[in-house]
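Trainee: Could we go through this structure together? I'd like to know where the labels come from.

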Amino acid sequence: MKNQEQKAPYPWITLGILVFVAIFIIITVVTYSSSEKKRIVGDVGKELETLAGIKVDQIERWHREKINDARLIYDNQTLAEQIESFFIKSNNRKERARLSQYLNSLIETYDFGSAILLDAGGILGLGVPQEDMVIGNNLKSRMAGIITGRKISISDLHFTPVISYLHLDLTVPMLMEQDNDTILVGILVFRIDPEKELFPLVSSWPVSRSSSECILFRVENDSVTYLNDSPYNDGETRIMKRNKGELEFLTLDAFREGRSYTRGTDYRGKDVVASARPVPGTNWYILAKTDINEVLRPFRRELTALSLMTLLALM
């Protein structure tokens, strides 16, 4: 009688243990991945909040420096006397040459783009360089307030016909004491090119991330206007408008609600983490943002490597 060969029992217990371990590992990895992603994004969001605050401080400091530069000019009584003589005299060739030379020196000293001199009524009298001797709509709209207010001021960013670059106007009313009264003898307007100092200040980034950028923008009714160049637009356009409800408004809502940051979609259609802050004394805002993919890329690589090693261990 032949011995019947007995089949080995199927290892259900072993298989069950392996399935249980695999499910446990998957649940653990998914839970860990979700919490770790949230932590990483949160850390970057707080970093962006800090950076946005630093940028606001830097812009405020830059603004104060420009006002302080203007005060030195404002307090120059010799210059005020020369301006008065320039507008009073019919033959003012000597005063014109002297003022042109002095304005040139101020442009070089303070790195202004150009300068114009107006009389007490807002009429053009002198321009350096001569081809930039023009009053744009922005300055015209503020002229009455400048004449009556007699205060140093910095305008918003704007374009002016003939002037080829986006700029701000630093306005300096020149006053003189006369017969126990203070009279306005002229108005100096210095054009500031933001590309020389302001925009590089905004764009500089202390952390090495290729997708990170700081954007200076302002809110106009139901849209926002970008003021500084983005590294992603190839310099083709400076001012970019976006509709209400998009990333910039989400970050401002987060700021008002006391949240450090928010997630959203930027103008490139990329998922980003971002933080925004208002710049006091202006209608500007700073937006600091970074792509989510770049933020999570190192973690995803580590997670992939860990998953592969776990899979090999189970095989």
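Mentor: Buried residues make up 43% of the 315 residues in the protein chain, where buried means under 20% relative accessible area, exposed means over 50%, and partly exposed is in between (1.4 Å probe, protein chains only). Keep in mind that this is a predicted model: local features need pLDDT of at least 70, side-chain atom pairs count only at pLDDT 80 or more, and totals for chains, interfaces and linings use all residues. Residues are numbered from 1 along each chain as its sequence is written, and side-chain values use heavy atoms, with hydrogens and water left out.

Trainee: How many helices and strands are there in the protein chain?

Mentor: The chain has 7 helices and 12 strands. Those are DSSP runs, numbered from the N terminus: helices are H or I with at least four residues, and strands are E with at least two.

Trainee: Why is T171 counted as buried?

Mentor: Its relative accessibility is 0%, and the limit for buried is under 20%, so T171 counts as buried. T171 is found in strand β5 (residues 163–178). Leaving out residues up to four places away in sequence, T171 touches R142, I146, K151, I152, S153, I187, L188 and V189. Touching, or contact, means heavy atoms within 4.5 Å.

Trainee: Is V162 buried or exposed?

Mentor: Its relative accessible area is 58%, over the 50% limit, so V162 is exposed. V162 also has a positive phi, near 85 degrees, and is not glycine. You'll find V162 in the loop between β4 (158–160) and β5.

Trainee: Now the helix pair. What is the angle between α2 and α3?

Mentor: Helix α2 (residues 77–88) and helix α3 (residues 93–110) pack at about 140 degrees, with axes 9 Å apart. Axes are lines fitted to C-alpha atoms, for helices over the stretch in contact, and angles run from 0 to 180 degrees between N-to-C directions.

Trainee: Which residues touch the most other members of the largest nonpolar core?

Mentor: Of its 54 residues, those are I73, L170, M174, L188, F190, L216 and W284. The largest share, 12 residues, comes from helix α1 (residues 12–74). A nonpolar core is a set of buried Ala, Val, Leu, Ile, Met, Phe, Trp, Tyr and Cys residues joined through side-chain atoms within 4.5 Å. Apart from this core lies another, of 13 residues, among them L247, Y267, A276 and L287.

Trainee: Which residues are buried in helix α6?

Mentor: In α6 (residues 247–256), the buried ones are L247, E248, F249, T251, L252 and A254. Just after α6, G258 takes a positive phi of about 85 degrees.

Trainee: Last one: what kind of peptide bond joins V128 and P129?

Mentor: A cis one, with omega about -5 degrees. P129 lies in the loop between β2 (124–128) and α4 (137–149).
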